[in-house]
Amino acid sequence: MKKSIFPALLLAWTITQAVAAPETYEINPENSTVRFKVRLLWTTNIEGCFCGGVSGRVSFDPDAPQKSTVKLEIKAETLDAGVRQISNEIKGPAFLDVERFPLIIFKSTSAERVNDQQYTLTGDFTFHGVTKPLSVRSNPVGQSKDSKGESQTGSDIYLVIKRSEYGIKGSVPAVGDEIFLTIRIRN
C-alpha cells in the first residue's frame, strides 16, 4: 500500500474534537507510539515500536478542514524491537540508518472532508531521507474526558509501506519488504 497511517491517524485524532472553532493539539510522546511488524526469514516477524519518540502538532478546523495542518515527527532512534541486538541492527546503516536519518516526518499540505465520518489528508511523508506525497482517508475514532475533566482524544490507524520505495534495501529477501505499522496518537 502506498497510503500512510501517519497522516490518517493525526487527522482522525483531530476530527474527534466536537468543536466548531479551530483548535491546536500537541501530540503527547508519553502516550503515543508507532508499532511495527516486518517478516523475517519467511516464518516469523520482527515486532517492536518507536516508543516515546512521537511528537507533533495538529491544528484542525472542522468547518474549514482545508485550513487544517498536521505535523508528525518520529525519532528513529527510539525504535525498540525487544532485543538489543535486533534493535541495533534495524537502527544501523543497512536499514534505518538513524544517524543519517534521525526523523520520520509527515507534514500535511491539504485536508478535505469526504463525509461526516471520513476525511482525506494529503501531505509529504519523509522516511529514510526520501520524501513522497501521500493521500489517505481518515475516520474519527473517539473522545473522552479524563478524571480531571480534560478532553482526551486518540486514534489508531493501520498501514503497510514498502521499505524498498524509501531506499531501504538491507537483507532482501530474508527480511520482508512490507512494514506493517500501527500508529497510536494521543494528546
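## Elements of the chain

Helices (H or I, at least four residues) and strands (E, at least two) are DSSP runs, numbered from the N terminus. By that rule the chain holds two helices and twelve strands. Read from the N terminus, their order is α-β-β-β-β-β-β-α-β-β-β-β-β-β.

The model is predicted: local features need pLDDT of at least 70, side-chain atom pairs count only at pLDDT 80 or more, and totals for chains, interfaces and linings use all residues. Residues are numbered from 1 along each chain as its sequence is written, and side-chain values use heavy atoms, with hydrogens and water left out.

## Surface and contacts

The chain has 187 residues, and 45% of them are buried (buried means under 20% relative accessible area, exposed over 50%, partly exposed in between, with a 1.4 Å probe and protein chains only). The accessible surface of the chain is about 9600 Å², and carbon and sulfur atoms account for 49% of that surface. Areas come from the Shrake-Rupley method with a 1.4 Å probe; for residues, only the protein chains shown count as cover.

A contact means heavy atoms within 4.5 Å. Of the contacts between residues at least 6 apart in sequence, 62% join residues at least 24 apart.

## The disulfide

One disulfide is found in a search of the whole structure, a disulfide being a pair of cysteine sulfur atoms within 2.5 Å. Its partners are Cys49 and Cys51, with sulfur atoms 1.4 Å apart. The disulfide is left-handed because the torsion about the S-S bond of Cys49 and Cys51 is about -60 degrees. Cys49 counts as buried, at 5% relative accessibility, while Cys51 counts as partly exposed, at 36%.

## The nonpolar core

In soluble globular proteins, nonpolar side chains tend to be buried together. A nonpolar core is a set of buried Ala, Val, Leu, Ile, Met, Phe, Trp, Tyr and Cys residues joined through side-chain atoms within 4.5 Å. The largest such core has 34 residues, and Phe36, Phe50, Leu96 and Phe127 touch the most other members. Strands that each supply at least two residues of this core include β2 (33–40), β3 (44–51), β8 (118–127) and β12 (175–186). The largest share, five residues, comes from β12.

Leaving aside residues up to four places away in sequence, Phe127 touches Leu96, Ile104, Ile161, Tyr166, Ile168 and Ile179.

## Pocket and cavity

On a 1 Å grid over the protein atoms alone, a cavity is a set of points where a 1.4 Å probe fits but cannot get out, and a pocket is an open set with protein on both sides within 12 Å along at least five of seven lines; lining residues have an atom within 4 Å of a point. Grid points are joined across faces, edges and corners, and a volume is the space filled by probe spheres set on the points.

The largest pocket has a volume of about 340 Å³. It is lined by 22 residues, and Phe36, Val38, Ile90, Phe95 and Val175 are the closest to its centre. Val175 is in strand β12 and is buried, with a relative accessible area of 10%. Val175 and Val38 lie 137 residues apart in sequence and 7.1 Å apart in space, C-alpha to C-alpha.

There is one cavity of 30 Å³ or more. The largest cavity holds about 40 Å³ of space, and its lining consists of Ala76, Leu96, Phe101, Leu103, Ile104, Phe127 and His128.
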